Amino acid sequence: MDVKKVTQDVRLQQWANTIRECNASGLSVKSWCKEQNIGEGSYYYWLKKLRKSACDLMSDEKKFVPVHVPDVASETQSSSHAILIHKGDISIEFPNDIPLSTIISILEYLQC
């Protein structure tokens, strides 16, 4: 493994812990950073890097599961069933008459 990559991973882990501590403190970022003698700019720099790293990991693991979408034309007009999508603790509900292309666009956008 590359030394730079290992160093970066260690720093990301340290900052992840630091950011968790800040969040758990109940203080504003500004107050907590001042109390901990951490530059607010450094805090936000590493927060951005952690978010990007998380998005990169998610994009490496992109897996779409085929979903059968019934033909809307065959449904009765009075049908009020919604389309529900669940992943982990996240749920998204769409009205039954939403175009499939709209659902696909929203899901692609949410992939980071």
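**The whole chain**

Start in cartoon view: the protein has 4 helices and 2 strands, where helices (H or I, at least four residues) and strands (E, at least two) are DSSP runs numbered from the N terminus. Trace the chain from the N terminus and the elements come in the order α-α-α-β-β-α. This is a predicted model, in which local features need pLDDT of at least 70 and side-chain atom pairs count only at pLDDT 80 or more, while totals for chains, interfaces and linings use all residues. Residues are numbered from 1 along each chain as its sequence is written, and side-chain values use heavy atoms, leaving out hydrogens and water.

Of the 112 residues, 15% are buried (under 20% relative accessible area; exposed is over 50%, partly exposed in between, with a 1.4 Å probe and protein chains only).

**Stop one: helix H2**

Select residues 29-36, which form H2, and show side chains: Val 29, Trp 32 and Cys 33 are buried. Look down the axis of H2: these buried residues fall within an arc of 100 degrees, so they line one face of the helix (the arc is taken from the directions from the helix axis to the C-beta atoms). An α-helix has 3.6 residues a turn, so residues three or four places apart point the same way. Now turn to the face away from the buried side, where Lys 30, Lys 34 and Glu 35 are exposed.

**Stop two: after helix H4**

Finally, select Leu 110, in the segment that follows helix H4 (100-109). Leu 110 counts as partly exposed because its relative accessibility is 46%.
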